[in-house]
Amino acid sequence: MQQQGKVTALCLSEQKGTQKTPVPEAVFREDWGIEGDAHAGHWHRQVSLLPKEQIDRFREKGLKLADGAFGENIVTEGIDLKALPVGVRLRIGEVQLEVTQIGKACHTQCAIRKATGDCIMPREGIFAKVLRGGRVKPGAAIIVLPPDPERPYTAAVITLSDRCATGRREDESGPAIRAILERQGIEVLEQLLLPDGKEQLEAELIRLSDQRQVDVIFTTGGTGFSARDLTPEATMDVCDRMTPGIPEAIRAYSMTITPRAMLSRQTAGIRGRTLIINLPGSPKACREDLDVVLPALPHGLDVLRGSPGE
């Protein structure tokens with residue numbers, strides 16, 4: 001049975017990070033967002049949604065909050081937005097949206113937080129892109145549709161290197177991984193370059209797994225014996241379950257190329273529905289390891305996605 005709710009308000013603002021103003025009608029443009037809204041553009045957070053039930057909790061405290069007070073474009077009723085996985089589609093009349101992110105980080109200088117004392121959009125809101133445009137008025141029904149079964153796998157690539165992060169060396173491994181994945185039809189949503197260490201890497205692994213919900217994250221670098229090679233530790237700390245077969249297979253193959261493969265500490269694991277795989281820092285080694293991983297990857301990602309055939 002399809003989940004269904006309704007639109008209780010539509011809101012726009014001319015500047016990001018500010019409260020939005022209710023409007024009697026909103027015009028959605030494909031791959032853009034809502035006409036006249038500051039968040040519109042060719043990116044993944046074109047439209048923001050927030051449940052009325054969460055806003056009402058603040059109103060019950062005596063706060064006089066207008067719709068749009070938390071920066072939301074669409075106020076919904078009757079749908080548990082946070083429970084919707086990325087990829088789910090929302091049909092509102094002729095308009096169709098695709099959920100692209102769950103929650104977000106709040107700006108340190110957030111005008112909404114200053115005005116209301118809190119900003120619930122990072123905790124309770126979701127974001128979407130417009131697949132099909134049209135006009136919407138308050139009161140319109142929202143129908144939750146399953147993800148497109150033909151949508152491509154999604155990935156993120158993170159390079160860990162102090163020297164690359166400070167510009168002393170060019171990152172060759174990250175672009176090499178990205179090129180290989182894209183040739184396989186995998187959509188790389190983000191490519192990041194971070195210094196070695198744990199803290200920043202853990203934060204990005206959590207964000208990409210929980211908010212963007214990419215299917216797979218590949219890290220490159222930080223798997224050796226150096227004191228700052230902490231990629232495996234960061235990966236293990238954020239994962240719910242480990243997948244030892246992946247690094248075992250990679251090392252077994254790499255040992256046929258060089259005995260130094262036994263010194264690699266790379267690991268792999270699962271957080272939520274995201275698979276995280278450590279690759280070494282060498283572009284050549286990354287290519288060799290991907291030759292091992294990619295043939296088996298679709299089956300594993302289908303299982304994580306909960307595809308009907310699995």
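A: We can begin with how charges are counted: Lys and Arg are taken as positive, Asp and Glu as negative, while His and the chain ends are left out. Please keep in mind that this is a predicted model.

Q: Counted that way, how far apart are the mean positions of the positive and negative charges?
A: They lie 3 Å apart, for 40 positive and 42 negative charges in the chain.

Q: What does the secondary structure come to?
A: The chain has ten helices and 17 strands. Its radius of gyration is 22 Å, close to the 19 Å that the globule rule gives for 310 residues, so the chain is as compact as a globular protein of that length.

Q: And what does the C-alpha trace span along its principal axes?
A: The spans are about 70 × 45 × 30 Å.

Q: What share of the residues is buried?
A: Of the 310 residues, 50% count as buried. The accessible surface of the chain is about 14,800 Å², and carbon and sulfur atoms account for 50% of that surface.

Q: What about contacts between residues at least 6 apart in sequence: what share joins residues at least 24 apart?
A: That share is 73%.

Q: Changing topic to cysteines. How many disulfides does the structure hold?
A: The structure holds zero disulfides. Cys239, for instance, is in no disulfide, and the nearest cysteine sulfur, that of Cys286, is 18 Å away. A disulfide here requires two cysteine sulfur atoms within 2.5 Å.

Q: Is Cys239 buried or exposed?
A: Cys239 is buried, because its relative accessible area is 11% and the cut-off for buried is under 20%. Cys11 also counts as buried, at 0% relative accessibility.

Q: Now backbone angles. What is phi of Asp31?
A: Phi of Asp31 is near 50°, which is a positive value in a residue other than glycine. Most residues other than glycine have a negative phi.

Q: Where does Asp31 lie?
A: Asp31 is in the loop that runs between strand S3 (26-29) and strand S4 (33-34). Its relative accessibility is 38%, so Asp31 counts as partly exposed.

Q: And what is phi of Gln213?
A: Phi of Gln213 is near 50°, again a positive value in a residue other than glycine. Gln213 is placed in the loop between helix H6 (199-210) and strand S14 (216-220). With a relative accessible area of 26%, Gln213 is partly exposed.

Q: What about Arg212, buried or exposed?
A: Arg212 is buried, at a relative accessible area of 7%. Arg212 is likewise in the loop between H6 and S14.

Q: Which residues does Arg212 touch, not counting those up to four places away in sequence?
A: Arg212 touches His44, Val86, Thr100, Gln101, Leu189, Glu190 and Arg207.

Q: One more residue, Glu35. Where is its place?
A: Glu35 is in the loop between S4 and strand S5 (47-51). Glu35 is partly exposed, given its relative accessible area of 39%.

Q: Which residues is Glu35 in contact with, leaving aside neighbours within four places in sequence?
A: Glu35 is in contact with Leu12, Val27 and Arg29. Glu35 and Leu12 are 23 residues apart along the chain, and their C-alpha atoms are separated by 8.7 Å.

Definitions and conventions
Residues numbered from 1 in each chain as written. Predicted model: local features only at pLDDT ≥ 70, side-chain atom pairs only at ≥ 80, totals over all residues. Heavy atoms only, no water. Helix = DSSP H or I, 4+ residues; strand = E, 2+ residues; numbered from the N terminus. Rg over C-alpha atoms; globule rule 2.2 N^0.38 Å. Buried < 20%, exposed > 50% of the residue type's maximum accessible area, 1.4 Å probe, protein only. Contact = heavy atoms within 4.5 Å. Areas by Shrake-Rupley, 256 points an atom, 1.4 Å probe, with all protein chains shown as cover. Charge placed at Lys NZ, Arg CZ, Asp CG, Glu CD.
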